[in-house]
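Overall figures and some backbone details follow.

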Amino acid sequence: MSEKTKRYFLSEEEIPRYWYNILAEMPVKPLPPLNPATREPLKPEDLYPVFAEELCRQELNSSDAWIEIPDEVREKYKYYRSTPLVRAYGLEAALGTPAHIYFKNESVSPMGSHKLNSALAQAYYCRKEGVTNVTTETGAGQWGASMAYAARLFGLEAAVYQVKVSYEQKPYRRSMMQTFGAQVTPSPSMSTRAGKDILTANPHHQGSLGTAISEAIELARTTPGCKYTLGSVLNHVALHQTVIGLEAEKQMALAGEYPDMVIACFGGGSNFGGIAFPFMRHNLKGASSTRFIAAEPASCPKLTCGEFRYDFGDEAGYTPLLPMFTLGHDFTPPNVHAGGLRYHGAGVIVSQLLKDGLMEAVDVEQIESFDAGVLFARSEGIIPAPESCHAIAATIREAAKCRETGEEKVILFCLSGHGLVDMASYDKYLAGDLVNYAYKGR
């Protein structure tokens, strides 16, 4: 492999055959999720009315470090995996840094983001159980589009509740979901009791992932043959996303390097966990000392400003109580354009890892994130999703430190998706119309 090789791929045979379950190897296990009715530790059967049963078992599996990827899911992965690992020579030159910057390019999936990795798995398990309909929430629409597409591949009908402000800001994501046959409803809506209650209390509510989750869960509970699917936060979603980091491990070996830092944007934790957890297992065994950095919006800083406690994952209180860093399940984030990161809490695994000092978190203002995204686009030729811009901003910060110290660090970040359906956000940025939103709890 020449020194200037830029992209690294794997063969079909090298695509992972197992997902990595970090929960089985964590030195300190997270506190158990609680049944909201009994306040007792959650059992898989408590989740059966809402999720496919195999997903419930995966959610609470704390003993098996490796979980086999079903052949049918792996065959679907082959449509777009492996995704490329790319050496960002252009960005390095623009920054004048001695750091070696790599990114795992998840934007090459059919949906343009990493979300399809779990959508395919969840649709498969639902179909296998005899489910006919799935329902879900979405913010910016990457997850909703992925679930709509996966449902179509596995012969399921899909209903998506999209956060109202994103429904209005990102009409083409809505069109993508509808193209695949999904029913899309802006949330909060008048179609569920949860939505009606929210709108009665605040008629101008612009929605949040918490409101959309409440409505989707209610629909699943009240519709025969229907199950709920989730795009982030829960353990089984991060589990499916570990194909990202497992591939990146092999590709970094092809590049002849190993990351000193792994960086990803952070909403609920699936993208971060997907690239970080496979590398983190080596830290847990004392074989490496990589830093892991989650980059979240300064307007929704659950990791950097949140409180660690039990909280609901949705606004109406339908979900189990989760031990998490949270801003409160009734927190309504500002209308930032990184819609996929506008969530009040962090996943259970990530919350415990942060609490134990095994990872770090930084927050990024909206304008800094778009500054970083535009610099990346002009250097590498890829327009990143607004969510991914946060990871790029954190990478630029670390690369600048290397420039100041002269250290030749290796930085790996996850480009979780492209921004080609988010150009209205870039229009506002280029026109100077974007603003930063301060979190009032600071």
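In this predicted model, strands β6 and β7 are paired in parallel through six bridges. Within that pairing, T136 lies opposite V160 of β7. On its other pairing, β7, which covers residues 157-163, runs parallel to β8 and is joined to it by five bridges. V163 has S187 in β8 as its bridge partner. Strand β7 is mostly covered, with six of its seven residues buried.

These strands belong to an open sheet of four, ordered β8-β7-β6-β9, in which the pairing is parallel. The edges are held by β8 (183-187) and β9 (226-228); each has a single partner strand, so one side of each has no neighbour in the sheet. On average, neighbouring strands here are turned by 20° against each other, direction ignored. As a general point, strands of a sheet pair through backbone hydrogen bonds, in either a parallel or an antiparallel manner.

Helix α6 (residues 142-153) packs on it and touches β6 (133-138) and β7. The direction of α6 makes about 165° with that of β6. Helix α8, residues 171-179, lies across β6, β7 and β8, and it runs at about 170° to β7.

**The chain as a whole**

The protein chain contains 18 helices and 15 strands. Its radius of gyration is 20 Å, close to the 22 Å given by the globule rule for 442 residues, so the chain is as compact as a globular protein of that length. Along the principal axes, the C-alpha atoms fill a box of roughly 60 × 50 × 40 Å. Of the 442 residues, 65% count as buried. Among contacts between residues at least 6 apart in sequence, 77% join residues at least 24 apart.

**A buried glutamine**

Q241 sits in helix α11 (residues 235-241). Is Q241 buried or exposed? Its relative accessible area is 0%, which makes Q241 buried. The side chains of Q241 and N117 are joined by a polar contact of 2.9 Å. Apart from neighbours within four places in sequence, the residues in contact with Q241 are H114, K115, N117, S118, S270 and G274.

**Backbone details**

Most residues other than glycine have a negative phi, and most peptide bonds are trans. The table lists places in this chain that depart from those patterns.

| Site | Backbone value |
|---|---|
| R81 to S82 | cis peptide bond, omega near 5° |
| S187 to P188 | cis peptide bond, omega near 10° |
| R39 | positive phi, near 60° |
| V233 | positive phi, about 70° |

S82 is in the loop between α3 (71-77) and β4 (85-87). P188 is placed in the loop between β8 and α9 (193-201).

R39 belongs to the loop between β2 (18-20) and α1 (44-47), and V233 to the loop between β9 and α11. With a relative accessible area of 47%, R39 is partly exposed. V233 has a value of 12% and is buried, because buried means under 20% relative accessible area.

How values were computed: Residues are numbered from 1 along each chain as its sequence is written. This is a predicted model: local features need pLDDT of at least 70, side-chain atom pairs count only at pLDDT 80 or more; totals for chains, interfaces and linings use all residues. Side-chain values use heavy atoms; hydrogens and water are left out. Two strands pair if DSSP finds at least two bridges between them. Helices (H or I, at least four residues) and strands (E, at least two) are DSSP runs, numbered from the N terminus. Axes are lines fitted to C-alpha atoms, for helices over the stretch in contact, and angles run from 0 to 180 degrees between N-to-C directions. Contact means heavy atoms within 4.5 Å. The radius of gyration is taken over C-alpha atoms; the globule rule is 2.2 Å times the number of residues to the power 0.38. Buried means under 20% relative accessible area, exposed over 50%, partly exposed in between (1.4 Å probe, protein chains only). A polar contact is a pair of N or O atoms within 3.5 Å; within protein, one must be able to donate a hydrogen and the other to accept it, and residues adjacent in sequence count only if both atoms are side-chain atoms.
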